[in-house]
Amino acid sequence: MTKREQQELINKGLLLPLMEEFYTIQGEGYHKGTAAYFIRVGGCDVGCHWCDVKESWLAELHPPTATEKIVENATKYSNTIVVTGGEPLMWDMNPLTEQLKAKGLQTHIETSGAYQLTGQWDWICLSPKKMKLPTEEIYDKAHELKCIVFNNDDFRFAEEQAEKVNDNCILYLQPEWSKRDKMMPKIVEYVMANPKWKVSLQTHKYLNIP
Ligand code: SF4
């Protein structure tokens with residue numbers, strides 16, 4: 001296959017830059033504690049300085065992989081598939097999710113929402129970032145809003161984002177891992193004062209699993 005042919009397949013979402021795939025326990029948000037198969041797609045230009053998967057940023061470093069192959073692997077492990085990144089919406093998610101749904105699997109996505117929403121999703125976790133804001137369309141469709149708290153200004157940003165989501169969207173505040181000791185007491189106090197929010201922790205890191 002020529003580079004050009006490969007790029008055309010990538011543009012159509014038939015090949016995705018696959019960084020890693022693994023079966024584990026969802027550690028965060030509404031589905032925490034649930035066994036799930038994770039598909040981590042490479043590529044992200046959002047640029048969070050505290051990002052814990054910076055290796056994902058450059059899509060070229062991750063092998064273009066056929067969606068059929070990804071789906072074939074996923075079906076061996078779990079009924080719940082979490083597509084994460086990187087920023088998965090940099091790619092057309094329709095082919096991947098069509099195939100996952102055809103196998104009867106539950107499709108979840110973790111996204112900053114910075115790109116057009118593609119794909120068929122049973123659960124959308126929107127984790128907005130100040131550097132590159134979500135598109136307007138995703139606020140209506142998000143099932144959970146997960147705001148990362150790195151500093152005090154993130155409470156303001158979280159409220160701003162909560163104003164935009166639909167009424168059924170579940171609201172989470174999650175401490176950025178390196179600041180958890182400093183920010184957790186503030187999050188606890190904030191959630192008690194503003195109980196529309198819930199606390200989310202990166203429980204997989206406490207469990208020492210991926
Ligand atoms: S959006 Fe996610 S993957 Fe991209 S830089 Fe931010 S934390 Fe990292």
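Q: Which residues line the second largest pocket, and what makes them lining residues?
A: The lining is made by Lys3, Gln6, Gln7, Ile10, Pro17, Ala59, Glu60, His62, Pro64 and Trp91. A lining residue has an atom within 4 Å of a grid point of the space, so each residue on this list passes that test. The model is predicted: local features need pLDDT of at least 70, side-chain atom pairs count only at pLDDT 80 or more, and totals for chains, interfaces and linings use all residues. Residues are numbered from 1 along each chain as its sequence is written, and side-chain values use heavy atoms, with hydrogens and water left out.

Q: What makes this space a pocket, and how is its volume defined?
A: On a 1 Å grid over the protein atoms alone, a pocket is an open set of points with protein on both sides within 12 Å along at least five of seven lines. Volume is the space filled by probe spheres set on the points, which are joined across faces, edges and corners. For the second largest pocket that gives about 200 Å³.

Q: Which helix gives the most to the lining of the second largest pocket?
A: Helix α1 (residues 3-11) does, with four residues. Helices are DSSP runs (H or I, at least four residues) and strands are too (E, at least two), numbered from the N terminus.

Q: How do you know the class make-up of that lining?
A: Ala, Val, Leu, Ile, Met, Phe, Trp, Tyr, Cys and Pro count as nonpolar, Asp, Glu, Lys and Arg as charged, and the others, Gly among them, as polar. By that rule the second largest pocket has five nonpolar, three polar and two charged lining residues.

Q: Where does the ligand sit, and what is the test?
A: The ligand takes the space of the largest pocket. The volume of the largest pocket is about 770 Å³.

Q: Which residues surround the ligand, and what makes them neighbours?
A: They are Cys44, Val46, Gly47, Cys48, Trp50, Cys51, Trp57 and Gly86. Near means that a heavy atom of the residue lies within 4 Å of the molecule. This shell holds six nonpolar, two polar and no charged residues.

Q: What lines the largest pocket?
A: There are 39 lining residues; Glu28, Asp52, Val53, Thr84 and Gly85 lie nearest the centre. Elements giving two or more residues are β1, β2, β5, β7, β8 (170-175) and α7 (203-207). The largest share, four residues, comes from β1. The lining of the largest pocket divides into 15 nonpolar, 14 polar and ten charged residues.

Q: Why is another space called a cavity?
A: A 1.4 Å probe fits in a cavity but cannot get out. One cavity of 30 Å³ or more is found in the whole structure. The largest cavity has a volume of about 70 Å³. Its 13 lining residues include Gln26, Glu110, Trp123, Cys125 and Glu144, which lie nearest the centre. β5 (106-111) gives the largest share of this lining, three residues.

Q: Why is the contact of Arg40 and Glu20 called a salt bridge?
A: A salt bridge needs a side-chain nitrogen of Lys or Arg within 4 Å of a carboxyl oxygen of Asp or Glu. For Arg40 and Glu20 the closest N and O atoms are 2.7 Å apart, so the pair qualifies. Arg40 lies in strand β2 (residues 35-41) and Glu20 in strand β1 (residues 15-25), so the pair ties together parts 20 residues apart in sequence. The whole structure has twelve salt bridges.

Q: What makes Asp45 and Lys132 a salt bridge?
A: The closest N and O atoms are 3.9 Å apart, which falls within the limit. The pair links distant parts of the chain, 87 residues apart. Asp45, at 40%, is partly exposed, and so is Lys132, at 28%.

Q: How far apart in helix α5 are Glu160 and Arg156?
A: They are four residues apart in helix α5 (residues 153-162), so about one helical turn separates them. Salt bridges that share partners join Lys130, Asp153, Asp154, Arg156 and Glu160 into one network. The N to O distance between Glu160 and Arg156 is 2.7 Å.

Definitions and conventions
A molecule sits in a cavity or pocket if more than half of its atoms lie within 2 Å of its grid points. Buried means under 20% relative accessible area, exposed over 50%, partly exposed in between (1.4 Å probe, protein chains only).
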